[in-house]
Amino acid sequence: MNAHPSPAGTLPRTPSGGTPKDPSEATSERAPRAFSLLRTLATARRVLRQLGHDRRTIALMLVVPCLLLAVLSWVYDGKQHTFDQVGASLLGIFPLILMFLVTSIATLRERTSGTLERLLSMPLGKADLLGGYALAFGGVAVVQACLATGLAVWGLGLDVVGSPWLLLVIALADAFLGIALGLFVSAFAASEFQAVQFMPAVLLPQLLMCGLLVPRDTMQPVLAAVSDVLPMSYAVDGMTQVVQHTGVTGDFVRDLAVVAACALVALALGAATLRRRTA
Amino acid sequence: MMNKFEPAVRADGLTVVRGSRTVLNSLGFTVPRGQVTGLLGPSGCGKSTLMRAIVGTQAHVTGTLDVLGRAAGHPRLRSRVGYVTQAPSVYTDLTARQNLDYYASVLGLTRAARREHVDRALTDVDLVSHADALAGNLSGGQRGRVSLAVALLGEPELLVLDEPTVGLDPVLRRDLWNLFHRLADERGATVLISSHVMDEAERCHRLLLMREGGILADDTPDGLRESTGSATVEEAFLHLVDAANAGSDHRTNVVTLPDTRQEQAK
């Protein structure tokens, strides 16, 4: 019996490869760097390519916030002051919720499909992966925030005292917070069902206490104290600052800093949940 | 640098514990370089865990496990070891080519090198005609081959393939086994393949037979058949399993095995 089958056919050769290579010189052994721009950009491009094959998701991400804003302005028809307040808050909340959902599902799929295990057995840094996701979804968030802010300010007559550019800046910070929180909670979800349930569990309490329904300083003291430590409160507060004040106020800077810091903390916690070795 | 006569994988006292279960129990073996080594045994015997330990994705590994002259899981090994998991780990919402292109850039290949490596990997697994189809629209076997192609990128010195031929038709299986041998013969790669199909064992240079977290035999297919007096590797495996069972059930009745109970009693 033939225990050592001989090769049938030949392989296409590399220009350099003629004879079997000496294993010691076959690959130049390099220590992978913790962060590489090439790998981060490649990851961002890959995430965007995945989205590119899913036109319906893109449409939903971009159109739904605009539609909701339009409905809201209709609901508050004739109550311009209320629309100014609620509309501005929602411009901060939409990117947060949207990016939270998209990121938590996307990274959960990465974890369950085995692609994460494969990537982490390859020379990919965790920062490359997180950075790639943040870059790709951040790009989508820019487009979404531009559309929603443009529609609210110029289409629906949202009365903004400050600069619309500041609205965009805080909307982006909110989007990054959503991305970071989504990455983090995806580590605790075993299925897409659970991942979706994390949205009401993590975001709805913040929504109730962020000042959208009742001004935070009029809330019951315990609730007010809780809302002081929830990041969405600052996301909404930042939006309100721009709507009510010209120029960059101290409160706006504080809100922006708190949202950004929370996003970074969540991102660091998310990175800690990416393990190269798993049981 | 590395001695090419040094084994690709060397394990000594390799133990893996998952929860309260000892999945691999003090394994000792070597995998020679430039050959196709088969890792055979029934499902659940620890083949996948052993492979995950070798590529460095398994936690709670104790004992010695050297891969290509370094401790398994060393960061510098990540570009030198290609790994294919049992379930195809590719992005179903990307085309086959886009999948390969991304993984190639993760390996740090430049744009020109990427195209060359991707084209070659697609040719190797015979998927050129399906290169631009979404991986999600491919059949299970085709998707598995995309996953295999990813592992071929960057010419890894060691390929760890977890049941790469399961569920494939006989023609494809033959083609893939020919590919594995060409990788070993022409590119000098070490190929470690797991399977629970014993007839594939005949195609390997060496065999590691596993059962219940231990190595039952480490030999060539010829050597195995001769030492057990069997016609096929499957028979040899059954012979070894029976011998081991007899050993654990009625140790005193088996003359070839040391009587451990008496030794313990002393």
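Modeller: Let us begin with burial in one helix. The buried residues of helix H3(B) are B:Arg114, B:His117, B:Val118, B:Arg120, B:Ala121, B:Leu122 and B:Asp124. Buried means under 20% relative accessible area, exposed over 50% and partly exposed in between, with a 1.4 Å probe and protein chains only. Helices (H or I, at least four residues) and strands (E, at least two) are DSSP runs, numbered from the N terminus.

This is a predicted model, in which local features need pLDDT of at least 70 and side-chain atom pairs count only at pLDDT 80 or more, while totals for chains, interfaces and linings use all residues. Residues are numbered from 1 along each chain as its sequence is written, chains are lettered from A and ligands numbered from 1 in the order in which they are written, and side-chain values use heavy atoms, with hydrogens and water left out.

Biologist: What covers the buried residues of H3(B)?

Modeller: An α-helix has 3.6 residues a turn, so residues three or four places apart point the same way. The cover of H3(B) includes helix H2 (37-52) of chain A, together with H2, H4 and H5 of chain B. Contact here means heavy atoms within 4.5 Å.

Biologist: What should the 14 residues of H3(B) span?

Modeller: The expected span is 1.5 Å times one less than the number of residues. For H3(B) this gives 20 Å, and its end C-alpha atoms are 20 Å apart, which agrees. After the helix comes B:Asp126, with a positive phi near 60°.

Biologist: At what angle do H2(B) and H3(B) pack?

Modeller: Axes are lines fitted to C-alpha atoms, for helices over the stretch in contact, and angles run from 0 to 180 degrees between N-to-C directions. The angle for H2(B) and H3(B) is about 130°, with the axes 9 Å apart. Angles under 35 degrees count as roughly parallel, over 145 as roughly antiparallel, 65 to 115 as roughly perpendicular and the rest as oblique. H2(B) and H3(B) are therefore oblique to each other. On the H2(B) side, B:Ala96, B:Arg97, B:Leu100, B:Asp101, B:Ala104 and B:Ser105 meet B:Arg114, B:Val118, B:Asp119 and B:Leu122 of H3(B). By class, this contact has 5 nonpolar, 1 polar and 4 charged residues. Here Ala, Val, Leu, Ile, Met, Phe, Trp, Tyr, Cys and Pro count as nonpolar, Asp, Glu, Lys and Arg as charged, and the others, Gly among them, as polar.

Biologist: How are H4(B) and H5(B) oriented to each other, roughly parallel or roughly antiparallel?

Modeller: Helix H4 (residues 140-152) and helix H5 (residues 170-187) of chain B pack at about 5°, with axes 14 Å apart. They are therefore roughly parallel. B:Arg145, B:Leu148 and B:Leu152 in H4(B) meet B:Leu172, B:Leu176, B:Leu179, B:Phe180 and B:Leu183 in H5(B). This contact has 7 nonpolar, no polar and 1 charged residues. Just after H4(B), B:Gly154 takes a positive phi of about 75°.

Biologist: How many helices and strands has chain A?

Modeller: Chain A has 12 helices and 0 strands. Buried residues make up 49% of its 279 residues. Within this chain, the axes of helix H3 (residues 55-75) and helix H4 (residues 80-112) come within 11 Å and cross at roughly 155°. H3(A) and H4(A) are therefore roughly antiparallel to each other. Among the residues that make the contact are A:Leu68 and A:Leu72 of H3(A) and A:Leu90 and A:Phe94 of H4(A). By class, the contact has 13 nonpolar, 2 polar and no charged residues.
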